[in-house]
Amino acid sequence: MVEHFDVGPLLWVKDDIHQSLESVLESADAISKNTQDTASMRFSQTYLYQVSGALDMVGLEGCKHYCNQLEKFAAQLEKQELAPDAVNLSLFVNAIKALQAYINRLLEGAADIPLRLYPVLEPLMVAMGETLDKSELFFPDTSPNVPNSVPSQELSENAYTTAMLQQRAAYQKSLLVWMQTQSSDAVSTMYDALSQVAFVQHNKRVKTLWWVASAFIETLKSPAAADNIAAKKVCRKLDQALRQLVSGEARPNNQLLRDALYFVANSDVETDTIAEVKSVFSLDPLVDQQVMTASSEPLDANTLALIANLKVEMDALHTIWQSVSDSIDLEAINANSDLALIELDNVLITQFVDQLHANQAAVATLQPAELGDCYQALLEASIVL
């Protein structure tokens, strides 16, 4: 199970984040009324920079990356490199509201899975003429190390350099074949090369990277991964990392580790290495929750904002109903055993019904449909009262 985000530090900065994001929304609203004046977006960049810093401070790396992209979008709106039209402003506003809703969900105990924000951010990146790989919003816990059960061998400096040259050459040759044919034999040879690279690493973090990289290579046996442009990018990044090993620059690469883990997490290929990587990094729950919220029918920004608003409305309904309950004289009913003695406050009941009516249309747009049925049942019961 994915551990819930520790909201303690976030509670200290949530008000500042909220105020900054509200200021950004006010700026966007002002521009929508006068598209010729985009100067206020300069201040929005400052607010978003502050939000990004706060998110970084409390360990929300994915949200920070998301916020950085919003800052870039605001800069392009301000310079009118992006037209400040209704479409772009709507994308921007929806993205801000989605971030607000996401933070609220964290405060309510939800797990931090930034991939949920991908469907909202991706259209902004397209508008800016850029692409966004899903792995860019994949932020698993990368602190675990390769298990001690994975074998190691320490080589002399000269032997190590020779081994890295040999394994890089084997990897490059097989990668070229795989790019052309997607041959399973080429995948096996690449896996063997990277397994050998991991085998001779003495730095635990570097060894972890190459162990995970070997598992990533095995995911290429799946057509879905083999056809993925982002997976091919990871293959090229691994070659660049091998070049650094040859030159004696053996250092951890957390971004490359996350990229490889993304494909391992989403792979349906079954091998011992993939299974062990998934277990060590607790990847399965991340994929399970990702599918629930960001699969073929992702929650868009409007839906996230609607859900956040409905929660507020539900709190209001709860308050009204509590007042209705408090107005009932239970002692008199218990003393006489007569339910006919119940007298309800008609003003409060009317408020309750009106509130349900106001929310019913919005709830009807949500899935699952049972949510709308629940609201309808509440409404019918209230009318009877």
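Select Thr 219, which is found in helix H8 (residues 204–219); helices here are DSSP runs of H or I with at least four residues, strands are runs of E with at least two, and both are numbered from the N terminus. Leaving aside neighbours within four places in sequence, show what Thr 219 is in contact with: Ala 225, Phe 263, Val 264, Ser 267, Val 269 and Ile 274. Contact means heavy atoms within 4.5 Å. Thr 219 is buried, at a relative accessible area of 1%. The classes are buried under 20% relative accessible area, exposed over 50% and partly exposed in between, with a 1.4 Å probe and protein chains only.

This is a predicted model, in which local features need pLDDT of at least 70 and side-chain atom pairs count only at pLDDT 80 or more, while totals for chains, interfaces and linings use all residues. Residues are numbered from 1 along each chain as its sequence is written, and side-chain values use heavy atoms, with hydrogens and water left out.

**Whole chain**

Zoom out to the whole chain. It has 17 helices and 0 strands. Of its 385 residues, 44% count as buried. Take the contacts between residues at least 6 apart in sequence: 71% of them join residues at least 24 apart.

**The H3 and H4 pair**

Next, select helix H3 (61–78) and helix H4 (86–107). Two packed helices are described by the angle between their axes and the distance between the axes. The axes of H3 and H4 come within 11 Å and cross at roughly 155°. That makes H3 roughly antiparallel to H4, a label for angles over 145 degrees, where under 35 is roughly parallel, 65 to 115 roughly perpendicular and the rest oblique. Axes are lines fitted to C-alpha atoms, for helices over the stretch in contact, and angles run from 0 to 180 degrees between N-to-C directions.

Show side chains where the two helices meet. From H3 the residues are Cys 63, Tyr 66, Cys 67, Leu 70, Phe 73, Ala 74 and Leu 77; from H4 they are Asn 88, Leu 89, Phe 92, Ala 95, Ile 96, Ala 98, Leu 99 and Tyr 102.

**Cysteines**

Stay on Cys 63, which is buried at 0% relative accessible area. Its sulfur is 8.6 Å from the closest cysteine sulfur, in Cys 67, and so too far for a bond. A disulfide is a pair of cysteine sulfur atoms within 2.5 Å, and by this rule the count comes to 0 disulfides. Then select Cys 235, which also counts as buried, at 0% relative accessibility.

**Thr 46**

Move to Thr 46 in helix H2 (residues 40–57). This residue is partly exposed, with a relative accessible area of 41%. Draw a C-alpha to C-alpha distance from Thr 46 to Ala 74: the two are 28 residues apart in sequence and 9.9 Å apart in space.

**Two loop glutamines**

Finish with Gln 80, in the loop between H3 and H4. Gln 80 has a positive phi of about 60° although it is not a glycine, and it is partly exposed at 39% relative accessible area. Then go to Gln 182, in the loop between helix H6 (157–181) and helix H7 (184–199). Phi of Gln 182, not a glycine, is positive at about 55°, and Gln 182 counts as partly exposed at 37% relative accessibility.
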